[in-house]
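Here is a short report on one protein model. Look at the structure first, then read on.

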Amino acid sequence: MSSSSAMVRILIKGGKVVNDDCTQEADVYIENGIIQQVGKELMIPGGAKVIDASGKLVLPGGIDTSVHLEESFMNATTVDDFYSGTKAALAGGTTMVIGHVLPEKNESLLEAYEKCRHSADSKACCDYALHIGVTWWGPKVRAEMEKLVRDKGVNSFQMFMAYKDMFMLRDSELFQVLQHCKDIGAIARVHAENGELVSEVRDLLGFTVCGAKEALDLGISGPEGIEISRPEELEAEATHRAITIANRAHCPIYLVNVSSMSAGDVVATAKMQGKVVHGETTTAHTVLNGMQYYHQDWSHAAAHVTVPPLRLDPNTPNFLMSLLGNDTLNVVGSDHRPFTVKQKAMGKDDFTKIPHGLPGIQDRMSVIWEKGVIGGKMDENRFVAVTSSNAAKIYNLYPRKGRIIPGADADVVVWDPEGSKIISVENQVQGGDINPYEGLRCHGVPIVTISRGRLVYENGMFTCAEGSGKFCPLRTFPDYLYKKMVQREKCQAVKAVEREPYTGEVVAVANSGKRETGSSDLDTPTRPCTRHGGMRDLHESSFSLSGAQIDDNIPKRSSARILAPPGGRSSGIW
């Protein structure tokens, strides 16, 4: 514990303490960076700073499970580093973030982790942890995952079914990674989109060297192409496939960036079937829709480019917010990845070159309160669950974080449910010149943020120091994910049928030198002809409209005159 937090005593008096399962009127006393007492008429030492929370709510600090700080992506670097990004988080009521480390192909996971830690430790203003991307697969990655879990305080890895030739893993690789995550007790985060078909669609639109020239005539080069090339059926298919692969690997799966109604339905169905599936959506997907991509102003449309894209169906945000409210989806993150208009303009002539990402680390909690609580989709307890407590449970931080009880870390927010603000890029703390929620009036704002027992934000004023945040090592095998999986594996264990051995006769098989076993799919030869005996059966052949046929190399049979055809000769008629 730092000396600065050890000297601070804070009493939050007169508010309503809100946890994910209950709300109670209580005072909160903080000392040495820890919540010491929660209740009424507390006996406390003198010299404590008193914060009047009358008419306010006292919430656990938010945990943002997906932020991209100081990250290079698609030839651009995010405009927030760990200082400006975590400072903006504190202004919005978030007291812990989990950032991404995405190694390049064949780059060491350990080296990428150490590089990020070196930068973040000296800049972060609040507690943070790291997800490590598994962007390629091999024995070295397997060994480094074990070391990261054992020695470096990492308990989550992110895999991609999208970003072909960049981050994407094949199904067989994903299966092996999920098996390994299960063995080491890690959280397997999966971005589910059908990367193969996304790539094919982009080829059809003519944006690869070998793409069809005719498709270029469509003139689809603007931001609307991101929505056209990544339809929601590709997300739904990949979501189902990811859940299936995880189920076969007996590994809990955590689906990230769930963005569509059809993908949400797949998650809901899997949960009803008892599969160990958890889902995370983003602030943007629960608020905005894909009509932004068809805006006449190119910079406005490009500002909203993210992956998966915002969906065209205007009912999607409302649907996803409902899934958060009923626990089909468990967590909402900001997926904060801020770029400037100039950076987005790298794709002014080709939407595939627009860097993917939206800001939101500062506005996440106020926007979800406005659209979720004020919108009637959840109460204040569920709000705490999706913005803080569920994340703490999933990442094995609970109840140290995500709950206001004695002994927990003093990460606390005093929330004014009657206060309001209008979101604007002009007064934001986070970096960049873009805010997708521009002009949105939010009712419900943080007025005081306490991190690690230190008052770091009060009524728009910061008192946090660069580098005052700490890296939080995360423990493996979180009960929230693995207890059910262990029990499920026990009850679904397969075993052989006990029976008397067969003692009857066995037919002798003559060995004629031919293969005795059926050939695998990979070894099946191409048939030179069909079972009908003719040269081509159009129902079964690989007939091509291009003119060249598969049997063009076989000499043609000369014509033969049929003397007695079925039905008799026809020469008499003519």
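## A patch on the surface

A patch is built from residues with over 30% relative accessible area and no salt bridge; like charges are joined within 9 Å, and nonpolar side chains (Val, Leu, Ile, Met, Phe, Trp, Tyr) within 5 Å. A salt bridge is a side-chain nitrogen of Lys or Arg within 4 Å of a carboxyl oxygen of Asp or Glu. Accessible areas come from the Shrake-Rupley method with a 1.4 Å probe, and for residues only the protein chains shown count as cover.

The model is predicted: local features need pLDDT of at least 70, side-chain atom pairs count only at pLDDT 80 or more, and totals for chains, interfaces and linings use all residues. Residues are numbered from 1 along each chain as its sequence is written, and side-chain values use heavy atoms, leaving out hydrogens and water.

Ile-228, Met-291 and Tyr-294 form a nonpolar surface patch. Together they have about 260 Å² of accessible area. Met-291 lies in the loop between β16 (277-282) and α11 (298-303). Helices (H or I, at least four residues) and strands (E, at least two) are DSSP runs, numbered from the N terminus. Met-291 has a relative accessible area of 49%, so it counts as partly exposed. Buried means under 20%, exposed over 50%, and partly exposed in between (1.4 Å probe, protein chains only).

## A buried strand residue

Leu-130 sits in strand β12 (residues 127-133). Its relative accessible area is 1%, so Leu-130 is buried. Contact means heavy atoms within 4.5 Å. Beyond neighbours within four places in sequence, Leu-130 has contacts including Phe-82, Tyr-113, Cys-116 and Phe-471. Cys-116 is 14 residues away in sequence, and 8.9 Å away from C-alpha to C-alpha.

## Two cores

A nonpolar core is a set of buried Ala, Val, Leu, Ile, Met, Phe, Trp, Tyr and Cys residues joined through side-chain atoms within 4.5 Å. The largest core has 82 residues. Val-134, Met-145, Phe-157, Met-159, Leu-178 and Leu-255 touch the most other members. Helix α9 (residues 232-249) gives the largest share, seven residues. A second, separate core has 24 residues, among them Ala-162 and Ile-354.

## An open sheet

Seven strands make an open sheet in the order β3-β2-β7-β18-β19-β20-β21, with mixed pairing. Two strands pair if DSSP finds at least two bridges between them. The edge strands, β3 (23-25) and β21 (461-462), each pair on one side only. Strand β2 (residues 16-18) pairs with β3 in the antiparallel sense, over three bridges. Lys-16 stands opposite Glu-25 in β3.
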